[in-house]
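Please examine the sequence and the structure before reading on.

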Amino acid sequence: MSGFPKDAMRMLKETSRTFYIPITFLQKELKYSVASAYLVFRAIDEIEDHEEIDNDVKYTVLAKLSELFKQPFDNEEYLRILGPIKDKMPEVTIRLEEWLEACPKDALTIVTNAACEMASGMAKWSKANWSIRTREDLDDYTYYVAGLVGVMLSDLWEHYGGEKTDRELAIGYGRGLQAVNILRNQKEDLDERGVSFVPDGWNRADLFEYAEENLAKADLYMKSLKRKSIILFCRLPLALAHKTLQALKDGREKMTRAEVEQTVEEVQTK
């Protein structure tokens, strides 16, 4: 696996600033698997997130895509599924087949199983117009878009590094990061997409509590890790989430670029 496409790393850098740096901390096979997985997830995410596409169309495309992940990937069929929305899709989505091909073969099943589950969950929530009524709804949604990424990463840690972790804490890690994103984008989601991820009867303080509860699980998850490269990978997104949450509590919209850079340095020198 010497030929991991440079273009895939370029695309990763363009689409995922939070995860690009930590991915570079990982050792070869893990680095390539995680990089491929993030590009695959991003490709799916762009369909779910698109402001101009009707929910029923999103549901159909994502449900068919979920099925497609259950067999060897057929790119012609994929482009057929994208058909009506293909012209609206960014490069990362159109080139999904390339990200799957870049994934080390022995990790591909772990990645495609997670992608299959993610597309199916996103299809369900697109159809429901992300109508989050209860805490259970919020848990379900944040599981599909982030918690299962935590589980997939844990599967990769075990596969390549013999690193066993607790599934619930891994889900908490993903959920915690997602909850911070929901808090950060609350106004934007409502104004631009007409979507609220806040359960009925909850206020912003309840959302903060939800984020903190899950980030506490993420902190416990970190304590269970032993391999330095994996610890480095997991530490940065979590540190950024904790600091973003603090910035939001202080009434700011996000961390400053300088704070982000300082955090990146701190994480590497710990």
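The protein chain exposes about 12800 Å², an area computed by the Shrake-Rupley method with a 1.4 Å probe. The model is predicted: local features need pLDDT of at least 70, side-chain atom pairs count only at pLDDT 80 or more, and totals for chains, interfaces and linings use all residues. Residues are numbered from 1 along each chain as its sequence is written, and side-chain values use heavy atoms, with hydrogens and water left out.

The secondary structure consists of 14 helices and 0 strands, where helices (H or I, at least four residues) and strands (E, at least two) are DSSP runs numbered from the N terminus. The radius of gyration of the protein chain is 18 Å, close to the 18 Å from the globule rule for 270 residues, so the chain is as compact as a globular protein of that length. This radius is taken over C-alpha atoms, and the rule is 2.2 Å times the number of residues to the power 0.38. Of the 270 residues, 51% count as buried, meaning under 20% relative accessible area with a 1.4 Å probe, protein chains only.

How many disulfides are there? The count comes to 0, a disulfide being a pair of cysteine sulfur atoms within 2.5 Å.

| Cysteine | Closest cysteine sulfur | Distance |
|---|---|---|
| Cys103 | Cys116 | 15 Å |
| Cys234 | Cys103 | 17 Å |

Cys103 counts as buried because its relative accessibility is 1%. Cys234, at 2% relative accessibility, is likewise buried.

Definitions and conventions. Buried means under 20% relative accessible area, exposed over 50%, partly exposed in between (1.4 Å probe, protein chains only).
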